[in-house]
Every structure is written in structure tokens, then in C-alpha cells.
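Got your viewer open and a selection tool ready? Let's walk through this model one stop at a time, and at each stop you can pick out the pieces as they come up.

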Amino acid sequence: MREWSPHTEEKISILADYLRAFAQAAKSAPNRVYIDAFAGDTMNVLKTTGEQFPGSVESALSVEPAFTQMLLFERHQRRARSLRSLAGARQSTNVAVVEGDCNETMAESLESVPRQAPAFAFLDPDGMELEWRTIRLVANHKQGTGRNKVEMWVLLSTAGLVRMLGSNRDQAEQQRLPEKVARLYGARGPWEAVWNARLDGRIPPGDAKRAYLLLYMDRLADLGYKHLLARPIKNARNELYVMVFATDHPAGATIMKWAQEKDRVVHRAPSLFDVPERRPTYEDIHTGWREDFEIDLPDWEEYQW
Ligand SMILES: C[S@@+](CC[C@H](N)C(=O)[O-])C[C@H]1O[C@@H](n2cnc3c(N)ncnc32)[C@H](O)[C@@H]1O
């Protein structure tokens with residue numbers, strides 16, 4: 001069981017709402033697929049109240065009608081074992097738990113996923129572990145079928161990017177951090193220009209953080225996703241990460257917008273009553289952003305895997 005802050009519970013409850021709606025919308029399809037590339041622990045606990053709340057897998061296992069196939073990836077041996085036990089306890093025979101690094105195991109695992117099926121991928125790393133080659137494999141899985149792309153909800157650690165690249169180029173390079181970021185974007189170029197502008201003091205940290213996100217969204221758009229929704233996740237003071245939803249189906253975008261804007265209980269402190277809070281309305285920050293950005297950005301230079 002892992003301890004989390006209330007924003008994680010909020011993230012999972014948005015996911016649970018979305019998955020319920022997805023399962024309903026896709027109920028007439030013979031197959032419905034759920035992919036969780038960073039499946040985590042089966043149960044989570046809230047730091048603020050000590051209450052337990054389900055992880056992403058538990059939430060996905062609970063939808064009706066059930067997913068006909070679930071692919072769960074987890075690097076941590078004990079967590080992978082718990083995920084297998086959970087699937088066994090639910091007598092879910094359609095669940096595969098793939099132990100190891102999802103960036104290495106995704107290609108082979110996807111071979112079992114029918115290319116016609118509606119599919120949703122939750123890509124929820126702790127930090128910078130998700131590589132672009134994995135996103136691209138998932139995004140292109142149904143290429144050439146005429147079907148909608150696999151939908152995905154991806155965590156981008158914007159605060160982590162700013163912190164990791166830091167303000168000392170030599171130090172970052174010694175630790176091979178730019179290489180890590182290149183694997184995250186699957187490319188070099190624009191994010192390096194943003195980093196340089198930050199190192200020279202031409203842009204403030206907040207602008208750099210926002211640009212790292214918008215560049216990531218550009219990369220998703222380049223994969224053919226027509227609808228991109230960014231939901232910043234904050235603690236009491238700062239943005240920690242952003243959840244980016246990508247779909248090429250307008251209905252998917254409508255449902256995710258509804259799930260994100262819905263009033264929600266956020267357990268910030270122990271309390272007697274669960275009072276839902278108003279949640280921020282969706283804001284389109286991506287469309288046309290480059291026109292307003294203060295520095296010129298070069299073309300992407302694809303990473304050679
Ligand atoms: C943020 S947690 C996932 C939380 C989970 N999705 C939930 O909602 O409860 C990230 C998980 O990914 C696992 N992980 C980290 N890097 C990984 C990798 N390269 N491949 C597979 N799993 C990884 C970690 O062990 C951790 O359990």
C-alpha cells in the first residue's frame with residue numbers, strides 16, 4: 001500500500017468516472033481494452049486522513065461492462081504479485097500482468113491487443129520513466145484500421161522537468177539528464193531551446209514549465225490526436241504535474257472534460273462530511289500557443305532509439 005496526497009485520489013476518481021463512461025460508450029464492441037503502463041499498488045492510502053482508496057487497476061476492474069482485456073505493466077516485483085492476486089480474487093481471466101520496464105515490454109504485449117477494439121491507456125509514471133517510443137507504440141497500434149486511436153491519459157511531471165534540468169547545465173549533463181528528457185519527448189530541439197532560454201534568464205521558470213507541457217502536447221498532436229486536454233494537478237501552492245488526455249474522438253474529449261470539471265470530494269484533511277468541491281473549468285491553453293511564445297523554437301530532431 002502506498003501513501004499519497006489528496007490530488008492522487010482526485011486523479012484516480014477522475015479516471016474512474018471516465019472509465020465508467022468509456023465502458024458504457026463502447027459496450028456494443030466485442031472487445032474493450034484497458035492498458036495501464038504503470039499499474040502501481042492495488043490499494044492506496046491518503047496521507048491526510050489515513051483512508052484507503054482504490055488504485056487505477058481496482059477502478060478499471062470495477063467498470064461495467066467489464067473490459068474484455070486488461071494489460072497491466074509494473075516494474076516492482078511485489079506490486080506485480082499483488083496485481084496478479086487482485087485479478088485472481090476477482091476471477092478476472094482476461095488480465096495480463098507484465099512485470100518489468102514497460103518501455104521494453106510494450107511492443108510484444110501489444111501484439112495480443114485486437115486492432116479493432118476501443119482501447120484506453122493510462123500512462124501514470126512517478127516521474128520521467130515514460131519514454132516516447134512507448135507512447136508512439138500505443139498511439140499507432142490501430143494505424144491503418146480506420147478505427148479511432150487508442151485514447152490515452154498521460155502524466156507529465158512539469159515540476160519534475162524544471163527541477164531536473166535545473167539551472168546548472170554541466171551538472172545536468174554529468175548526470176545525463178538531457179538524455180533522459182530527450183527520451184521522454186522522443187526528440188531534441190524545442191525543449192532544449194526552452195531550457196537554454198531558462199538558463200540564460202530570458203524566460204521565467206513558470207514560462208519554461210508551461211512551454212515543456214505545450215511542447216509535449218505538440219508531440220501528441222503530431223501523432224494524430226485531434227483533441228488534447230491538459231489538467232494541471234496542484235498541491236496547496238504549486239503545480240506538480242499535468243494530466244494530458246489525448247483522443248481523436250470528439251465524444252472522448254466531451255466525456256473527459258465533464259469528468260475533469262465535475263465537483264469532487266477532495267480529502268484535504270479529516271472531516272465528518274464529504275463535501276464536494278467545485279473543480280476548475282477546462283481551459284484550452286494549447287491552441288495557437290507558439291504564436292504568443294517569446295522565443296523562436298527550432299524544428300524537432302527525432303531521437304535515434
Ligand atoms: C504513480 S505509480 C502508479 C499508480 C497507479 N497507476 C495508481 O493509480 O494507483 C507508478 C508505478 O509505476 C511503476 N513503474 C515505474 N517505472 C516503471 C516502468 N518503467 N515500467 C513499469 N512500471 C514502472 C512503479 O513501481 C509504480 O508502482
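Predicted model: local features only at pLDDT ≥ 70, side-chain atom pairs only at ≥ 80, totals over all residues.

Start by selecting α11, residues 250–261.

**Stop 1**

Strand β10 covers residues 227–234 and strand β11 covers residues 239–247. They pair in the antiparallel sense, over eight bridges. To see how you get from β10 to β11, follow the hairpin that joins them through four residues.

**Stop 2**

The crossing of α1 past α11 is right-handed.

Show side chains to see who meets whom:

- From α1, pick I14, D17, Y18, A21 and A25.
- From α11, pick A251, I255, M256, A259 and Q260.

By class, eight of the residues in this contact are nonpolar, one is polar and one is charged.

**Stop 3: α9 and α10**

Hide those and select helix α9 (residues 190–199) together with helix α10 (residues 205–222). They pack at about 180°, and their axes are 10 Å apart. Angles over 145 degrees count as roughly antiparallel, so α9 is roughly antiparallel to α10.

On the α9 side, the contact is made by P190, W191, V194 and R198. On the α10 side, look for P205, A208, A211, Y212 and L215. What classes of residue turn up in this contact? Eight are nonpolar, none is polar and one is charged.

**Stop 4: α4 and α5**

Select α4, residues 102–110, and then helix α5, residues 132–139. This pair packs at an angle of about 15°, with the axes 9 Å apart. Angles under 35 degrees count as roughly parallel, so α4 is roughly parallel to α5. Look at the handedness too: α4 passes α5 in a left-handed crossing.

For the close-up, C102, N103, M106, A107 and L110 in α4 meet R133, T134 and L137 in α5. Sorted by class, that gives five nonpolar residues, two polar and one charged.

**Stop 5: the ligand**

Leave α4 showing and select the ligand. Which residues come nearest to the ligand? Look for F38, G40, G55, S56 and R75, out of 20 residues around it. The elements that each give two or more residues to this shell are β5 (69–74) and α4. By class, the shell has six nonpolar, six polar and eight charged residues.

**Stop 6: the other sheet**

Now select β1, β3 and β4. These three strands form an open sheet in the order β1-β3-β4, and the pairing is mixed. The edges are β1 (2–4) and β4 (52–54), each pairing on one side only. Neighbouring strands here are turned by 40° against each other on average, ignoring direction.

Zoom in on strand β3, residues 43–46. It runs antiparallel to β4, and three bridges join the two. Click N44 and you'll find F53 of β4 standing opposite.

**Stop 7**

Go to the loop between α2 (56–61) and β5, where you'll find P65. What kind of peptide bond joins E64 and P65? It's a cis bond, with omega about -10°.

Last, select R176, in the loop between α7 (169–174) and α8 (177–185). R176 isn't a glycine, yet it has a positive phi of about 55°.

Methods. Residues numbered from 1 in each chain as written. Near = placed C-beta within 6 Å. Nonpolar A, V, L, I, M, F, W, Y, C, P; charged D, E, K, R; others polar. Pairing = 2+ DSSP bridges. Axes fitted to C-alpha atoms, helices over the stretch in contact; angles between N-to-C directions. Parallel < 35°, antiparallel > 145°, perpendicular 65-115°, else oblique. Left-handed = near helix turned anticlockwise from the far one by under 90°. Contact = placed C-beta atoms within 7 Å.
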